[in-house]
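User: I am new to this one. Please walk me through it in plain terms.

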Amino acid sequence: MQIPSKARAVIIGGGVIGCSIAYHLGKLGWKDVVLLERKQLTCGTTWHAAGLVAQLRNTQNMTRLAKYSQELYFGLEAETGVATGFKRNGSITMALNDERMEELRRLAAMARAFGVEIDEIGPSDITNRYPGLATKDAVGGVWLPKDGQADPVNITQALAKGARNFGVSILQGVKVTAIHQANGRVSGVDTDFGPIEAEYVVNAGGMWGREIGAMAGVSVPLHACEHFYIVTEPMPDITPNLPVLRVPDECCYFKEDAGKMLLGAFEPVAKPWGMDGIPEDFEFDSLPEDFDHFEPILERAVERFPMLATAGIQTFFNGPESFTPDDRYILGEAPELDHFYVAAGFNSVGIASAGGAGMALAEWMDSGKQPFDLWDVDIRRMQPFQANRSYLKARVTETLGLLYADHFPYRQFASARGVRRSPVHHYLEAEGACFGEVSGWERANWFLPQAERDAGKKAEYVYSWRRQNWFDYSAAEHMAVRQKVGMFDMSSFGKIKLIGRDAEAVLQMIAANDVAVPVGKIVYTQFLNSDGHIEADVTITRLSMDAFIIITPAATIRRDLNWINRHIPENAHAIAVDVTVSEAVLVVMGPKARDFLQPMIPQSLANEDFPFGTMQTVEIGHAIARAHRVTYVGELGWELYVPSDMAAHVFEAIAERRDDHAIAMCGLHALDSCRIEKGFRHFGHDISNEDHVLEAGLGFVVKENKPVGKFGGMIGADAVKAKRNDGLSRRLVQFRLTDPEPLLYHNESIYRDGALIGYLTSGNYGHHIGAAIGLGYVKCNEVGESTESQLSSYYQIDVAGRLVDAEVSLRPVYDPKALQVKI
């Protein structure tokens with residue numbers, strides 16, 4: 001076969017994802033794009049996908065991509081002449097218990113905020129829309145009229161034809177055998193027909209994605225699982241054109257097509273596949289039947305839809321699909337290698353996601369930046385260890401089933417735990433900690449009091465949409481921080497050292513605040529992009545004239561390190577290093593923090609000697625630590641950065657001090673409830689690369705007029721100046737429910753004077769205030785609308801279908817003058 005020697009972009013993988021990327025790059029006018037498929041188009045996973053096309057996802061932008069996919073598939077036939085089989089027959093999700101119905105009501109409120117048509121329906125409505133379905137035990141459900149279904153193979157062929165029409169070359173039967181790089185950038189691929197030089201390479205290899213990534217030195221954490229469904233023989237009595245039906249409480253979905261029924265399952269304990277690699281000749285293959293595994297799903301389905309009892313089974317299918325550690329797909333430019341992009345691990349939603357994901361990645365490649373906030377699926381959220389095969393095998397056993405599990409707030413993964421632990425983990429465990437997991441880190445979320453443990457209770461979650469079993473324990477931790485003193489283990493903080501004689505000049509360009517500060521000064525700042533939108537939310541502490549330490553959230557360490565490295569000029573004398581594991585972080589916070597710590601530390605902690613926003617080296621016990629006087633809870637306190645080998649000793653010293661002065665052990669849930677009372681922003685929820693720093697209310701730490709440095713002016717300065725001049729289009733404000741009972745999480749709809757105008761970006765219960773609190777953006781009725789005008793409106797929040805009155809403020813409801821942090 002003749003293959004080109006050069007290409008602008010090589011796409012590896014000819015499933016629906018790869019063909020969508022090829023189509024969208026061609027549509028953007030890219031020339032010399034080559035798609036390489038090892039066998040035939042769709043022969044891996046796409047060909048046996050169920051073809052469900054839903055609009056609603058867990059966040060606005062994921063919903064935006066799914067809606068785009070629908071519109072694309074709707075118009076592809078007219079554009080390409082290839083029928084996609086797409087039809088909008090709607091979908092029903094049915095709840096069999098009150099907790100699931102609460103979830104669906106909250107989902108419906110979120111859907112309305114995202115512009116998705118949705119209706120809550122009762123059991124009789126479900127029966128009318130789905131004749132023959134048993135609904136006696138149903139509580140209710142939701143109806144989405146614009147959901148639908150399609151033919152996955154024809155969608156792929158239509159995208160491929162469209163791509164060819166734009167000039168893309170699609171080569172089947174060509175396997176990539178190696179990926180090359182030079183100077184930190186991908187440079188081409190080897191195939192079994194020869195090499196191809198390339199400026200860009202895209203890994204759209206589906207369940208081969210992990211191995212393709214490994215060829216480039218890129219971590220792509222995904223693993224195949226067996227996915228089961230049956231297709232019946234024709235059922236003459238079935239009502240034609242039934243909607244897609246999901247019964248998540250029974251782990252199943254129903255799809256009627258041409259008088260036959262497809263019944264699929266997302267069982268709680270899945271079967272990983274391909275641990276030893278995927279056979280070289282795998283092509284349009286299925287896996288061995290396992291009727292014993294599927295039988296419990298089928299038995300319940302027959303009771304649910306009795307017509308199945310007399311239907312013959314035409315096909316019992318078992319095929320592999322790839323899953324990721326967090327049930328979200330992987331998209332974007334790899335942090336390890338420039339111009340190497342990944343689109344893989346679609347967790348059984350590949351057909352619904354492919355159109356939007358292909359569009360987003362193509363625009364990302366074309367402009368060099370994300371077209372909108374894609375943090376939900378950004379490859380930089382993944383940690384390198386997560387590509388470990390043993391870890392993936394354990395985790396995906398759970399993640400497949402979680403697609404249909406109750407999506408309770410604060411739900412934690414149960415599998416593949418304990419990978420990354422703080423140096424004081426065992427002490428926290430002994431104190432009654434219930435751990436959650438972020439980026440592999442085990443973190444204490446709440447503590448079960450000793451008396452409860454003595455009574456036989458265990459520190460474990462009992463999930464609900466209402467007040468969970470830990471609510472009162474976390475409230476006590478919260479109040480200890482507000483009234484006395486508490487301690488958090490924040491060792492999972494990301495820690496990046498920037499070292500070199502040009503470190504200050506580099507940070508002056510990257511950071512929005514002024515970092516030309518004395519040694520020991522702490523600077524709160526954001527990294528902005530050229531639009532003035534927020535790429536990172538960090539603190540920067542000057543350690544010496546040529547060294548800084550940047551503290552980031554645990555989940556964003558790879559993203560933030562990648563942003564820094566991509567913006568260090570080639571001629572700069574500066575290097576960024578991830579030093580996260582070198583230090584533990586013990587955080588002592590509360591109005592009594594000074595009283596607690598001062599007897600342990602010979603250096604003065606008085607305001608005049610140790611002011612807010614500064615760092616000093618201190619002695620504590622027999623150890624040396626850095627004490628940072630900052631806060632994320634809005635109280636007096638210090639973060640103690642202790643060398644990891646001394647962390648247990650310092651913890652022991654603090655524990656011993658309790659004999660003379662009480663201190664509460666506090667978890668991350670209390671940290672979050674304290675921060676939301678103070679209105680502190682949470683990156684990934686309240687602020688993102690789609691949010692302008694001024695509209696996020698962070699203009700007070702932006703110094704766009706600071707001097708232009710050695711490597712140019714501050715990134716985003718012009719956009720900040722323009723926004724200050726033109727006025728704001730929206731503002732991030734704080735809401736407090738007037739009813740103390742309802743709970744807020746995030747994505748609840750905001751109503752202003754009776755009109756739906758947005759949604760909450762985050763929410764929690766303010767235990768000191770005595771009500772649920774949320775943050776959310778309120779659009780201005782006109783650019784530059786005054787704060788007085790916005791605040792004078794009447795606001796309500798939709799909590800599971802009930803509109804609850806809310807007070808609104810631009811200033812924190814707790815300690816609005818920030819007096820507590822400086823006492």
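Analyst: One definition comes first: a residue counts as buried under 20% relative accessible area, as exposed over 50% and as partly exposed in between, with a 1.4 Å probe and protein chains only. The model is a predicted one, in which local features need pLDDT of at least 70 and side-chain atom pairs pLDDT 80 or more, while totals for chains, interfaces and linings use all residues. Residues are numbered from 1 along each chain as its sequence is written, and side-chain values use heavy atoms, with hydrogens and water left out.

User: Let's start with aromatics. How many aromatic pairs does a search of the whole structure find?

Analyst: The search gives 35 aromatic pairs. A pair here means Phe, Tyr or Trp rings (the six-membered ring for Trp) with centres within 6.5 Å; planes under 30 degrees apart are stacked, over 60 edge-to-face and the rest tilted. One of them joins F228 and F294, whose ring centres are 6.5 Å apart with planes at 35°, so this pair is tilted.

User: Where in the chain are F228 and F294?

Analyst: They link distant parts of the chain, 66 residues apart: F228 belongs to strand β12 (residues 223–232) and F294 to helix α7 (residues 291–304). Such helices (H or I, at least four residues) and strands (E, at least two) are DSSP runs, numbered from the N terminus.

User: Is F294 buried or exposed? And F228, buried or exposed?

Analyst: F294 has 1% relative accessibility and therefore counts as buried. F228 is buried as well, at 0%. Another aromatic pair is Y461 with W470, an edge-to-face one with centres 6.4 Å apart and 80° between the planes.

User: How accessible is Y461, and how accessible is W470?

Analyst: Y461 has a relative accessible area of 13%, which means that Y461 is buried. W470, at 6%, is buried too.

User: Which residues form the aromatic cluster with Y461 and W470?

Analyst: The cluster consists of F408, Y410, W446, Y461, Y463, W465, W470, Y473 and Y745.

User: Now helices. How do α1 and α8 cross?

Analyst: Helix α1 (residues 16–27) and helix α8 (residues 350–367) have axes that come within 8 Å and cross at roughly 40°. The axes are lines fitted to C-alpha atoms over the stretch in contact, with angles from 0 to 180 degrees between N-to-C directions. Angles under 35 degrees are called roughly parallel, over 145 roughly antiparallel, 65 to 115 roughly perpendicular and the rest oblique. The two helices α1 and α8 are therefore oblique to each other.

User: Which residues make the contact of α1 with α8?

Analyst: Helix α1 contributes V16, I17, S20, I21, H24 and L25, and α8 contributes G350, I351, A354, G355, G358, M359, L361, A362 and M365. Contact means heavy atoms within 4.5 Å. These residues comprise 10 nonpolar, five polar and no charged; Ala, Val, Leu, Ile, Met, Phe, Trp, Tyr, Cys and Pro count as nonpolar, Asp, Glu, Lys and Arg as charged, and the others, including Gly, as polar.

User: And what about α1 with α5?

Analyst: The axes of α1 and helix α5 (residues 152–165) also come within 8 Å, crossing at roughly 25°. That angle is why α1 is described as roughly parallel to α5. The contact involves V16, C19, S20, A22 and Y23 of α1, together with I155, T156, L159, A160, G162 and A163 of α5. It divides into eight nonpolar, three polar and no charged residues.

User: Change of topic: what is the phi of T42?

Analyst: Phi of T42 is near 75°, a positive value in a residue other than glycine. T42 sits in the loop between β2 (33–37) and β3 (52–53) and is buried, with a relative accessible area of 3%. S439 likewise has a positive phi, near 55°, and is not a glycine. The place of S439 is the loop between β20 (433–438) and β21 (441–447); at 12% relative accessibility, S439 is buried.

User: Last one: where is A584, and what is in contact with A584?

Analyst: A584 lies in strand β28 (residues 583–589) and is buried, at 0% relative accessible area. Beyond its neighbours within four places in sequence, A584 is in contact with P423, S491, L640, Y641, V642, S644 and A647. From A584 to K39 the distance is 50 Å in space, C-alpha to C-alpha, and 545 residues in sequence.

User: And Q2, is that buried or exposed?

Analyst: Q2 is exposed, with a relative accessible area of 72%, and belongs to the segment before β1 (6–12). Q2 and M589 are 67 Å apart in space, C-alpha to C-alpha, and 587 residues apart in sequence.
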